[in-house]
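The entries follow in the order in which I made them.

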Number of protein chains: 2
Amino acid sequence: MTDSTLIDQLNWRYATKKMDPAKAVPQDKVDTIVEAIRMAPTSSGTQPFELLVVTNPEIRAEIRKAAGDQAQISDGSHLLVFAAWDDYTAERIDAVTDLNVQARGDLPMLKAYYDNLKSNYLPRDAGVNYAHAARQAYIALGIALVAAAEQEVDSTPMEGFDPAKVDEILDLKARGLRSVVLLPLGYRDASADWLLPMEKVRKPLETMVTRIG
Amino acid sequence: MTDSTLIDQLNWRYATKKMDPAKAVPQDKVDTIVEAIRMAPTSSGTQPFELLVVTNPEIRAEIRKAAGDQAQISDGSHLLVFAAWDDYTAERIDAVTDLNVQARGDLPMLKAYYDNLKSNYLPRDAGVNYAHAARQAYIALGIALVAAAEQEVDSTPMEGFDPAKVDEILDLKARGLRSVVLLPLGYRDASADWLLPMEKVRKPLETMVTRIG
């Protein structure tokens with residue numbers, strides 16, 4: 001193995017269980033984490049999700065109720081909500097095409113590529129398309145976890161919430177979005193976090209990796 | 001925004017279209033990328049996927065045929081295949097529990113936690129469980145893309161392949177695995193890659209991010 005700052009960051013981070021409500025993440029660090037999410041690669045460059053950055057205490061209190069009362073949602077200073085497109089539509093893919101044309105010029109291959117994408121995606125069931133969009137949000141989630149660690153910001157990825165309720169709280173349905181995963185940002189309360197002193201657990205390489213040479 | 005090596009890495013990387021078949025990624029760099037995947041966080045620490053590192057040229061040629069003849073699969077030196085569990089089973093979750101007990105001690109809360117997980121996961125449809133496992137592999141994919149960029153290794157995430165054929169080529173079904181996403185590793189052929197000189201395209205922040213303060 002080579003020296004790797006990333007590996008150090010992955011060892012430093014953990015799913016923080018107790019955040020210190022008195023410590024807020026500085027805006028410039030939040031901006032960097034958001035920028036990493038914006039730069040995350042996605043299938044065909046569609047970026048089929050949006051990000052909600054919630055600081056409002058009342059709304060976070062409501063989301064916390066819809067998420068098994070997990071305290072990090074309000075003890076952290078920022079709550080990131082990844083919300084995927086509920087379906088691929090012609091309008092959405094056309095907007096991606098337009099963005100590509102603006103940046104790269106009006107190349108025939110761009111139109112042909114996204115026309116082909118439309119003919120693949122649009123006939124599919126909305127559930128299939130949503131599942132595909134949600135996976136792309138998970139690429140960005142992985143990168144966000146690294147970004148937070150690089151900024152020495154603690155974070156807790158959360159799937160344990162009622163997506164229908166969170167969609168309602170944030171009025172996502174009207175925007176054609178569905179909540180996928182939550183990521184509170186904050187700072188660990190080192191004296192009160194039961195998980196912090198515990199050993200990190202990962203499978204050994206030999207049970208996870210097969211080499212086919 | 002703060003200074004961020006990660007943002008620089010995300011700007012450096014791109015979905016490489018033409019790799020130089022004469023240049024192999026050194027083993028110590030591959031090992032670091034694999035270690036980043038091993039350290040990727042996953043839901044309840046289940047790590048519900050395996051990684052296949054394929055260098056064998058004949059097998060990569062077969063996979064290439066099942067993936068629309070995308071040349072990076074054989075022009076790169078290593079092909080990573082992320083293969084998710086086809087279902088959650090009692091045996092698999094028990095193995096995770098055992099690993100936790102080994103590292104953290106025989107704590108009653110560990111058994112209770114994973115017993116609860118079993119009672120949630122085991123009654124569910126295999127397709128639902130696979131979809132959940134596949135999302136976890138996408139967290140690791142996002143982190144692998146960062147790891148490759150940190151090592152200045154090029155990579156190309158690929159969803160465009162026939163999963164049933166790849167499962168057959170790698171005999172994954174017998175192992176209870178399903179191929180999710182491919183990631184060839186190699187080095188760009190800068191003179192022959194049509195994508196390299198093109199502008200990177202990402203949505204502007206204001207169309208992607210909503211702040212709720």
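**Contact between the chains**

I note at the outset that this is a predicted model. I began with polar contacts, and across the interface of chain A and chain B I found 42 residue pairs, with both residues at pLDDT 80 or more. I then looked for salt bridges between chain A and chain B, and the count is 0.

Next I asked which elements of chain A each supply at least two residues of the side that touches chain B. I listed helix 1 (5-12), helix 2 (27-39), strand 1 (49-54), helix 5 (90-104), helix 7 (126-150), helix 9 (205-208) and strand 5 (209-212) of chain A. Helix 7 of chain A gives the largest share of that side, with 14 residues.

For the extent of the contact, I recorded 78 residues from chain A and 78 residues from chain B. The area buried between the two chains is about 7000 Å², and carbon and sulfur atoms give 63% of this.

I traced an open sheet of 5 strands in the order 5(A)-1(B)-2(B)-4(B)-3(B), and its pairing is mixed. Strand 5 of chain A and strand 3 of chain B stand at its edges, each with a single partner strand, so one side of each is left without a neighbour in the sheet.

How does strand 5 of chain A run against strand 1 (residues 49-54) of chain B, parallel or antiparallel? I found that the two run parallel and are joined by 4 bridges, and within this pairing Arg211(A) has Val53(B) as its bridge partner. Further into chain B, strand 1 is joined to strand 2 (residues 78-85) by 6 bridges and the two run antiparallel, with Glu50(B) bridged to Ala83(B).

I also traced an open sheet of 5 strands in the order 3(A)-4(A)-2(A)-1(A)-5(B), again with mixed pairing. Here strand 3 (154-155) of chain A and strand 5 (209-212) of chain B are at the edges with a single partner strand each, so one side of each has no neighbour in the sheet. Strand 3 of chain A is joined to strand 4 (residues 177-186) of chain A by 2 bridges, and these strands run antiparallel; in strand 4, I noted Leu185(A) as the bridge partner of Ser155(A).

**Aromatic pairs**

A search of the whole structure gave me 8 aromatic pairs over all chains. I looked up Tyr88(A) and Tyr121(A), which form a tilted pair at 4.5 Å centre to centre with 35° between the planes. Tyr88(A) lies in the loop between strand 2 (78-85) and helix 5 of chain A, and Tyr121(A) in helix 6 (residues 108-121) of chain A, so the pair ties together parts that are 33 residues apart in sequence.

**Backbone angles in chain B**

Most residues other than glycine have a negative phi. Against that background I noted Asp69(B), which has a positive phi of about 60° although it is not a glycine, and which I placed in the loop between helix 3 (57-65) and helix 4 (72-75) of chain B. Glu152(B), also not a glycine, has a positive phi of about 55°, and I found Glu152(B) in the loop between helix 7 (126-150) and strand 3 (154-155) of chain B.

How values were computed: Residues numbered from 1 in each chain as written. Chains lettered and ligands numbered in written order. Predicted model: local features only at pLDDT ≥ 70, side-chain atom pairs only at ≥ 80, totals over all residues. Heavy atoms only, no water. Contact = heavy atoms within 4.5 Å. Buried area = accessible area lost by both parts, 1.4 Å probe. Salt bridge = Lys/Arg side-chain N within 4 Å of Asp/Glu carboxyl O. Polar contact = N/O pair within 3.5 Å; in protein donor to acceptor, adjacent residues only side chain to side chain. Pairing = 2+ DSSP bridges. Phe/Tyr/Trp six-rings, centres within 6.5 Å; stacked < 30°, edge-to-face > 60°.
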